[in-house]
Amino acid sequence: STLRRLRRVAAAAVEQCERSRLPAIEPCSWDAGVELARRARRRWLLVPGARAAPPPPDDSPLALLVGPEGGWTGAELNLLEGLPSTAVGLGPTVLRVETAAVAGAALALRAE
């Protein structure tokens, strides 16, 4: 399944990079995802075209909010933008969701 593949990729990346923390990759409902994001002290909202640079390094939990295929809906953006978060762009092109997640995670690791 896709979830098993993503977990294998994450484990291989952690091993290759000699990191000690394996990221949690868990599917959840929209409401549960919003609640998880609400509890994180830092939130990065990946938005195509955003120009904001990541905030300074911080080791507090980070919620990396990656939009679905086709992008965020207006209602989703309104709800997520109501949470204190930093809009983060990943360059001039639109990435597939699985690529955006990896690129966002790499950016987060760079900021640690």
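Which residues make up the largest nonpolar core? In this predicted model, local features require pLDDT of at least 70 and side-chain atom pairs count only at pLDDT 80 or more, whereas totals for chains, interfaces and linings use all residues. Residues are numbered from 1 along each chain as its sequence is written, and side-chain values use heavy atoms, with hydrogens and water left out.

The largest nonpolar core consists of nine residues: V34, A37, A40, L45, A63, L65, W72, L80 and L83. A nonpolar core is here a set of buried Ala, Val, Leu, Ile, Met, Phe, Trp, Tyr and Cys residues joined through side-chain atoms within 4.5 Å. Buried denotes under 20% relative accessible area, exposed over 50%, and partly exposed the range in between (1.4 Å probe, protein chains only). Two or more residues of this core are given by each of α2 (30-39) and β2 (62-65); helices (H or I, at least four residues) and strands (E, at least two) are DSSP runs numbered from the N terminus. A second, separate core holds six residues, among them W44, V88, A100 and A108. In soluble globular proteins, nonpolar side chains tend to be buried together.

R43, in strand β1 (residues 42-46), is in contact with A37, R38, L62, A63, L65, L83, P84, S85 and T86.

R43 is buried but has no salt bridge, and E35, the nearest side chain of opposite charge, is 9.5 Å away. For this assignment Lys and Arg count as positive and Asp and Glu as negative, while His and the chain ends are not counted. The R43 side chain instead reaches two backbone oxygens, that of A40 at 2.5 Å and that of P84 at 2.8 Å.

Three salt bridges are present in the structure, each being a side-chain nitrogen of Lys or Arg within 4 Å of a carboxyl oxygen of Asp or Glu. Side chains of opposite charge can pair when their charged atoms come close. R38 is bridged to E35, with the closest N and O atoms 3.8 Å apart. These two residues are three residues apart in helix α2, so about one helical turn separates R38 and E35. R38 is partly exposed at 43% relative accessibility, as is E35 with a relative accessible area of 35%. E35 also forms a salt bridge with R39 (3.9 Å, N to O); R39 and E35 lie four residues apart in helix α2, about one turn of the helix. R39 is exposed, at 57% relative accessibility. Through shared partners, salt bridges join E35, R38 and R39 into one network. A further salt bridge links the side chains of E98 and R96 (2.9 Å, N to O), and E98 is partly exposed at 26% relative accessibility.

The disulfide count is zero under the rule of a pair of cysteine sulfur atoms within 2.5 Å. C17 is partly exposed, its relative accessible area being 48%, and C28 is likewise partly exposed, at 46%.

Note on methods:
A polar contact is a pair of N or O atoms within 3.5 Å; within protein, one must be able to donate a hydrogen and the other to accept it, and residues adjacent in sequence count only if both atoms are side-chain atoms. Contact means heavy atoms within 4.5 Å. Lists of a residue's contacts leave out its neighbours within four places in sequence.
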